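Colleague: I'd like to learn how to read a model like this one, feature by feature. Could you take me through it?

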Amino acid sequence: MTLTKKEQSLLKDLQNEEKVCAEKYHKAAECACDPKLQQIFTKLEQAERNHYDTVTQMLSGTVPQMQTQGKAQNQKGKQPAAQDLKSKVSRAEKKSDAYLLADVLATEKFVSGVYNTAVFEFNDPQARDVLAAIQQQEQQHGKEIADYMSANGMYC
Ligand SMILES: [Fe+2]
Ligand SMILES: [Fe+2]
């Protein structure tokens with residue numbers, strides 16, 4: 001696939017966003033008080049690293065094969081129940097975790113929007129599919145974060 005200047009510039013933005021996302025989740029996992037939340041953040045860090053690799057591959061002109069959609073669907077199947085997401089940490093620790101969660105949720109919302117813009121700008125149908133699949137995964141990340149927040153009375 002030959003990229004236009006605009007497509008190239010969008011992919012570079014996305015590459016940078018994914019790097020920031022992975023770093024953010026890495027830090028959040030270190031800072032989180034609830035061990036369950038640490039696990040969630042670590043899992044999402046890995047997902048952002050995969051996105052980074054996909055975008056990097058696209059920047060080099062290759063559109064990766066789409067197994068992403070199936071994976072996203074599988075993740076939907078094993079979503080934990082609200083009770084299993086209940087945090088057992090102190091009030092102060094919960095407050096600190098809530099801050100981390102609000103921050104990553106805002107980031108997911110923003111990045112999802114950047115993917116949406118990219119889908120509209122790309123010509124190659126396969127590239128559009130890959131970008132749309134990643135956007136769907138970002139929405140799924142947002143859902144996981146929001147679910148944890150509402151299970152712990154942090155979502156208003
Ligand atoms: Fe991502
Ligand atoms: Fe994400």
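**Reading the model**

Modeller: Let's begin with the cysteines: the count of disulfides comes to zero, a disulfide being a pair of cysteine sulfur atoms within 2.5 Å. Before we go on, this is a predicted model, where local features need pLDDT of at least 70 and side-chain atom pairs count only at pLDDT 80 or more, while totals for chains, interfaces and linings use all residues. Residues are numbered from 1 along each chain as its sequence is written, chains are lettered from A and ligands numbered from 1 in the order in which they are written, and side-chain values use heavy atoms, with hydrogens and water left out.

Colleague: Is C21 buried or exposed?

Modeller: The general idea is a cut-off on relative accessible area: buried means under 20%, exposed over 50%, and partly exposed in between, using a 1.4 Å probe and protein chains only. C21 has 2% relative accessibility, so it counts as buried. C33, at 25%, counts as partly exposed.

Colleague: Now the overall fold. How many helices and strands are there in the chain?

Modeller: Helices (H or I, at least four residues) and strands (E, at least two) are DSSP runs, numbered from the N terminus. This chain has five helices and zero strands. Its radius of gyration is 16 Å, close to the 15 Å that the globule rule gives for 156 residues, so the chain is as compact as a globular protein of that length. That radius is taken over C-alpha atoms, and the rule is 2.2 Å times the number of residues to the power 0.38. Along the principal axes, the C-alpha atoms fill a box of roughly 55 × 25 × 25 Å. Of the 156 residues, 44% count as buried.

Colleague: What are the protein donors of the iron ion (ligand 2)?

Modeller: They are E48 (OE), E108 (OE), E108 (OE), E138 (OE) and H141 (ND1), lying 2.0 to 2.3 Å from the iron ion (ligand 2). Their residues are spaced E-x59-E-x29-E-x2-H in sequence. E48 bridges the two iron ions, ligand 2 and ligand 1, which lie 3.8 Å apart. E138 and H141 both lie in helix 5, three residues apart, about one turn of the helix. E138 is buried, and so is H141.

Colleague: How should I read the nonpolar core?

Modeller: In soluble globular proteins, nonpolar side chains tend to be buried together. A nonpolar core here is a set of buried Ala, Val, Leu, Ile, Met, Phe, Trp, Tyr and Cys residues joined through side-chain atoms within 4.5 Å. The largest core has 19 residues, of which L37, F41, L101, I145 and Y148 touch the most other members. The elements giving two or more residues to this core are helix 1, helix 2, helix 4 (91-121) and helix 5 (125-151). Helix 4 supplies its largest share, five residues. Apart from this core lies another, of 18 residues, among them L59, V111, L131 and I134.

Colleague: Which residues is I145 in contact with, leaving aside its neighbours within four places in sequence?

Modeller: Contact means heavy atoms within 4.5 Å. I145 is in contact with Y25, L44, L101, V104, L105 and E108, once those neighbours are left aside.

Colleague: Where is T54, and is it buried or exposed?

Modeller: T54 is in helix 2, and its relative accessible area of 14% makes it buried. Leaving aside neighbours within four places in sequence, T54 is in contact with P64, V130 and I134.

Methods:
Donors are N, O and S atoms within 2.8 Å of the metal (3.2 Å for Na, K and Ca); water is not among the atoms, so sites may look incomplete.
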